[in-house]
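Look at the structure first, then read the points below.

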Amino acid sequence: MSTPVKLAAIYLIAIIFQLTVFIDVRLAGVAPELLALVAVIAGFFAGPERGPMIGFVAGLIWDVYLPTPLGVAAVTFALVAFAVGSLEEGLFHDSRFQLVAVVGLASASTVVGYALIGELVGQRGLVDVEMLRVSLVVGVVNGALTPVAAPMMRWALVAGEAR
Amino acid sequence: MALAQRIGRSRHRLILLVLTAITLLTLDLRSFGPLDSAQRFVRDLLHPVTEVAGTVFSPFSDAWNAVFDYDDLEAQNAVLRDELDALRGDQIRAEAERLAFQRLLDATDITYLEDVPFETATVVRGAVGNFDSDVITIDKGSNSGIRSGMAVVTGAGLVGRVDRVDVTTATVQLISDSNLVVGVRLVDTDEVGLGQAEPGREGLFKIDQGLDWPEDDDLSLLPAPGTVVVTAAASRYPAEIPIGWVTVAEQAVDGLSLEVTVQLSNDVSDLGFVTVLLAEGIDQVPLEEPVPGPIVTPAVEPDPAEVESEDG
């Protein structure tokens with residue numbers, strides 16, 4: 001199976017879980033951001049070259065369902081994936097704890113970035129104290145989901161990326 | 001050298017992605033038809049899959065909810081809310097009818113559900129993300145005659161407007177969303193204005209455009225608390241749909257206009273069923289200040305004596 005097909009499967013799994021299970025299953029009223037998780041982990045494993053592209057597509061899929069204009073999540077995820085890919089390349093050595101910490105921080109950043117860009121394009125009420133709470137919970141939950149998501153992304157990228 | 005090249009290449013790619021996103025944003029904000037169709041196609045394509053997956057995963061979701069004994073309570077709550085909404089709507093409709101009759105207006109009764117064809121729909125899900133708590137998805141779409149902009153109501157009044165429409169589902173922007181501007185009429189004073197939900201203040205709606213502060217600061221001219229608020233005839237929705245009732249009327253910061261806080265009659269936080277009024281709406285009213293029109297000088301009748309002297 002080629003990498004694009006595997007990635008498509010990951011996108012599909014993420015969006016289905018997001019639209020079904022995590023409509024009801026929420027922690028403190030906040031759902032994990034699975035597409036953001038895909039983008040961040042892609043940034044970590046695929047680096048700053050391919051990671052943003054994978055993140056962009058993940059954001060685009062999520063944008064189709066979000067009330068904000070198409071492209072807000074896509075550009076946010078691409079930027080965060082690029083940042084994670086660049087950081088990982090320059091500073092980090094593979095370790096589970098680092099991966100979980102990076103995913104948590106970067107996922108929280110996607111929430112803040114999404115809200116800021118959303119406000120920039122005219123959506124009201126995205127940037128407030130609630131945004132900080134949501135970003136904190138998303139960071140924690142996405143970090144907790146990393147042990148499940150990371151092997152899947154490794155599996156998807158294994159054909160195209162030798163790490 | 002190779003690393004520098006790689007970083008340069010990845011930056012170029014990122015710039016391309018950002019430019020692509022800006023293009024998509026611009027096209028989407030301008031409601032570019034093919035882009036809307038493409039999004040609709042993706043949602044319609046995935047809808048059967050998510051529906052099946054939803055059924056498969058529902059025991060897990062129920063189990064999660066059952067931890068808080070939520071399942072039975074939710075069903076009972078939905079029934080009670082529907083009954084309560086109906087009662088609130090009846091009360092407001094009766095009040096609006098009485099006042100309208102007193103003013104000898106023709107439109108004496110609020111019959112928005114009787115005059116307009118409608119479609120009843122079930123709410124299939126609430127928010128999908130973490131920032132769209134003011135959006136619901138219903139199980140009726142374009143194949144049921146639903147179009148973007150149509151009004152969505154319950155017995156207690158306006159719920160919101162249809163936003164995105166797919167073949168079998170549609171999303172509704174709730175009245176609790178501060179981005180949704182509604183043209184309203186105060187039944188008591190017959191004034192019309194524009195208002196929207198107050199961000200961060202659940203259940204409250206503020207009318208902050210179109211109402212003037214009374215001349216000579218005559219407070220007796222202010223709308224009394226409890227005054228019923230309904231959709232205005234000139235709004236994008238059918239007229240006389242209940243919105244709520246006035247709780248506070250106060251002077252705006254500019255000192256010239258009036259700001260009215262309204263308690264919404266509809267609790268949109270936990271809806272089970274809604275009714276879509278099958279009357280085409282119009283596009284969103286912009287939030288920006290209206291562009292002032294040209295200054296029109298009052299027409300003055302010419303003095304006949306002056307005209308005569310000019311002719312003579």
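Which residue forms a salt bridge with Glu49(A)? Arg9(B) does, with the closest N and O atoms 3.2 Å apart; a salt bridge here is a side-chain nitrogen of Lys or Arg within 4 Å of a carboxyl oxygen of Asp or Glu. This is a predicted model, in which local features need pLDDT of at least 70 and side-chain atom pairs count only at pLDDT 80 or more, while totals for chains, interfaces and linings use all residues. Residues are numbered from 1 along each chain as its sequence is written, chains are lettered from A in the order in which they are written, and side-chain values use heavy atoms, without hydrogens and water.

**Interface of chains A and B**
- Chain A gives 50 residues to the contact and chain B gives 42, where contact means heavy atoms within 4.5 Å.
- About 4,200 Å² is buried between the two chains, 67% of it from carbon and sulfur atoms; buried area is the accessible area (1.4 Å probe) that two parts lose on being put together, summed over both.
- In chain A, Glu49(A), Leu70(A) and Arg124(A) lose the most area to chain B, together 18% of what that side buries.
- The salt bridge between Arg9(B) and Glu49(A) is the one that the rule finds across this interface.

**Second largest pocket**
- The lining has 14 nonpolar, no polar and no charged residues, with Ala, Val, Leu, Ile, Met, Phe, Trp, Tyr, Cys and Pro counted as nonpolar, Asp, Glu, Lys and Arg as charged, and the others, Gly among them, as polar.
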